[in-house]
Amino acid sequence: MWSRWKLLDLGRRFVNYKPWRWRSSGACDRALEYKVGDKIHGFTIDQITPIPDLFLVAMKLSHDSTGAKYFHVAREDANNLFSVQFRTTPMDSSGVPHVLEHTVLCGSKKYPCRDPFFKMLNRSLATFMNAFTASDYTLYPFSTQNSKDFQNLLSVYLDAVFFPCLRELDFWQEGWRLEHENPSDPQSRLVFKGVVFNEMKGAFTDNERIFSQSLQNQLLPDHTYSVVSGGSPLSIPDLSWEQLKQFHATHYHPSNARFFTYGNLPLEQHLRQIQEEALNKFQRTEPNTAVPAQKLWDTPREYHVTCGPDKFATDPTKQTTIGVSFLLPDITDIFESFTLSLLSSLLIDGPNSPFYKALIESGLGTDFSPDVGYNGHTREAFFSVGLQGISDTHIEMVKEIINKTIDEIIEKGFEDNRVEALLQKIEIQMKHQSTSFGLALSSYIASCWNHEGDPIELLNLGGQVTRFRKCLKENPKFLQEKVKQYFKNNQHRLTLSMNPDEKYYEKQAQMESEKLKEKIDCLSMEDKRHIYEKGLELQASQSKPQDATCLPALKVSDIEPNLPFTELETTLAAGEIPVQYCAQPTNGVVYFRAFSSLNTLPEELRPYVPLFCSVLTKMGCGIYDYREQAQQIELKTGGMSVSPHVIPDDSDLDIYEQGVLFSSLCLDRNLSDMMHLWSEIFNNPHFEDEEHFKVLVKMSAQELSNGIANSGHLYASIRASRTLTPAGDLLETFSGMDQVRLMKRVAEMPDIKSVLRKLPRIKKYLLNCDNMRCSVNATPQQMSQAGKEVEIFLKNLGRSKKERKFVRPHVIEKPIDCKSIDGNLVNHPTRKLVTDPTFKPCQMKTHFVLPFPVNYVGEGVRTVPYSHPDYASLRILARLMTAKFLHTEIREKGGAYGGGAKLGTNGIFTFYSYRDPNSVQTLQSFEKAVSWAKSGKFTEADIEEAKLSVFSAVDAPIAPSDKGMDHFLYGLSNEMKQGHREKLFGVSREQLINVSNKYLRSGQSTRGLAILGPDNSNIEKDPSWVIR
Ligand SMILES: [Zn+2]
């Protein structure tokens, strides 16, 4: 994987924290018993600092003989994390760090089998395993809740990074190679293949990616940031195997390494294992990998790039992107970075920010330019602002607006309550708990630590907030002066513009074929024979039965047989509305949700429900206009959002529930304010401001269209399932390509009134308590107060004056198991599901022609619902097929970035591929996978592995905010989940073969197919395909 980290950007997303109570923290107490100077297994402790705000103790250590750096965070969290990070600073765009990241995972000294990394996915209960190549470091993280598993994974990770085999065949498979299109036919033409080669071709179909990449390359042009660390597709074929090995020798050395561990497992054990299995075999070296400071410019610069045409652009004449970026100080200056990241939030976040008002509301473009705001993943940070979706003729105007806005801010400053809202947000972010705190920390510290910044100082957010408040108090113009210094008076600024070129992909293909010709022209007959033989050798080695017995593994018997039950209590409020209460250690945060049914909504309004949801909390309500409402939401809550849901029934594929979920969170002390906001949104939402509505529509249309390159496989899967169940049809309407197209049409309308007028109509059917249920997750102490607030909210809600008819008359009621405090219920509450007796599943094949050089393929097969006895077998089968067959066929042999099979809770068995150079051939691989499964060519050990892998998902940690959601949304009780668990344990070889025959054999069930990708002559010739 290749990524440019941008996590824990405080202003813009949730920070993921999972604190427990400080007092009961055994892991922290143990950490505090160590002393600075203590020597443990070759390491010396340099610093121990408790950070009570985050309920952790941070420790810095260094390795005596190699100088390796080590950072440990002790915290009462069982989801332990390890990561090792190397500073990788390439000086060309051959993608050497990225290819290396892939190849070290292909086999190592102690674990010489092919692909130990992917094999461990099936031999472990890891909650996360991955590897990332950033611009200037490569990171290998994993997390698990099981201590034996931690040791196993640590052993595999250490051996992979320090003692990889780096075989030539691995380089060919993962990096790039010349190979015959059909490897067994020496007459077929030679082409470029390789996983990273295709991955990067796919990555640059994303125009936002092209923009961000150029931005970094041009703004920091003097050293490693001027190249593409992931590899530019045309430069990857310049990389040699020798260069790869050399890069490993110089960069993957302990003296250039940073180790990070997190969680409640004892530190000593980690240190011993790392020392014994890796570090004691090395001597100190001088890594020379530091990035020098960027030389500052005397005058601003401009640059222009081209990209592919956006097929879904809301207005084809407005496809230009422009951004102005300013270089900021070194990210190791932690307080300055903190200040500038807050300042960036004030400048661009939400409808009250000056750049939103000046740029977004100018109507010139569709949305901000990519990477807008503070970017702290390079040694010097930068701030960027601009617009996308503008007309070429408006470039100068946008630049002027940006300059003028900066001048205005220097003069006027910011409103006090916006600064206060931002600081409150940091408080709620520190308290809100997620299940991946360790991973979030690891990425949060990675960039700063990479350049010798202090990770402990970085984690001391409370201290930074205090200092920030002090600066503001002492100097009311503190922020304005920063704007003057870093924006107005900064000569190191880049104006980057990007335009689509209709022939972009054609030109790229042309350059690729020139490169190919150049490579082929210099081949001798001998070379060609060698290429043919190597191709066959690679194919043979990929097809060989694989022996993974050298790898450590957990066993199914290591898995907890019983599910920990979540205690829930559901009572009736306002007379008849069920409210589910789930008491959890939420650390002073309340989570409130409501689900409202769409059963009475007229058919023609349904496609507009997603739009309704996305604007409902952004248009104003009651006495608040949309700006004041945004301000209230920021001040009083951690977020309020609304989303459409299609919920499959657990026992019948033709039945589903349709509705809208309202979600929110706030600090205990703000609950009544938040519920008041919900009240106003439900009772008095505003739907009048046409101009503001237009802005919101353009932004969502742009977001949907930008998402296709990254989520193409999801769109293909949703489309493939559309004709298989009635729920599938609705899902396509809400979240599929149909929705993308609808939004494009709406955004292009010259007069949007007709759409705006639909919103109050949808409101009438949806925003009342006719068919609603609620849930609260909070601390036990907060529950009775929360109950009172919910009661007040519900009593204030309107009811329909007349009894509304269900649009689909076939309603199936399912009881909600309600515990009443006094034990007797008068009206038993129900969930009201629907069915459509006229629906018949049918086959459908759709090809969406997109101007991408890669495909996303999806095939759906209708099988059985969750509580059916065969569901567990199909779930294990999907995992088994992915690990033991599809991964080899689609990724290793086919060169796609990913592919596999999965079983959804909607009972659809889906085959998919991601960034795939093939399309029709991949469909054949899906068929072959079924034959493989039917013939039973798998072992008991394979089944055991598939089970482990499924359980690592089943037993993934659930955050306190999300406990009980299976029950609230899907109606799944603890007992039903335990029943499914037992069936998973019991799945046998016979059952797996049996379900392959019964459901997946061609001609046996109804299936749907969809491909997103370039023109395809095979598909065009086949009349069974619908081309769109
Ligand atoms: Zn990759």
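The protein chain has an average pLDDT (the predictor's confidence in each residue, from 0 to 100) of 91, and 96% of the residues score at least 70. The structure is a predicted model, in which local features need pLDDT of at least 70 and side-chain atom pairs count only at pLDDT 80 or more, whereas totals for chains, interfaces and linings use all residues. Residues are numbered from 1 along each chain as its sequence is written, and side-chain values use heavy atoms, with hydrogens and water left out. Over residues 1-24 the pLDDT stays under 50, and for this segment the model has 107 contacts (heavy atoms within 4.5 Å) beyond four places in sequence. Where pLDDT is low, the predicted coordinates should not be read in detail.

When residues up to four places away in sequence are not counted, F355 touches L347, I348, I360, F368, F383, V385, I402, T405 and I406.

Helix 22 (residues 671-683) has 13 residues and spans 18 Å from its first C-alpha to its last, close to the 18 Å expected at 1.5 Å a residue, the expected span being 1.5 Å times one less than the number of residues. Its buried residues (under 20% relative accessible area, with exposed over 50% and partly exposed in between, for a 1.4 Å probe and protein chains only) are L671, M674, M675, L677, W678, S679, E680, I681 and F682.

S434 is found in the loop between helix 13 (416-431) and helix 14 (437-450), and is buried, with a relative accessible area of 10%. The side chain of S434 reaches the backbone nitrogen of S436 at 3.0 Å, while S434 and D962, 528 residues apart in sequence, are 9.3 Å apart in space, C-alpha to C-alpha.

Six strands form an open sheet in the order 28-29-27-30-26-31, with mixed pairing (two strands pair if DSSP finds at least two bridges between them). Strand 28 (898-903) and strand 31 (1026-1027) are the edge strands, each pairing on one side only. Seven bridges join strand 27 (residues 855-862) and strand 29 (residues 908-916) in the antiparallel sense, and V857 stands opposite S913 in strand 29.

Terms used: Helices (H or I, at least four residues) and strands (E, at least two) are DSSP runs, numbered from the N terminus. A polar contact is a pair of N or O atoms within 3.5 Å; within protein, one must be able to donate a hydrogen and the other to accept it, and residues adjacent in sequence count only if both atoms are side-chain atoms.
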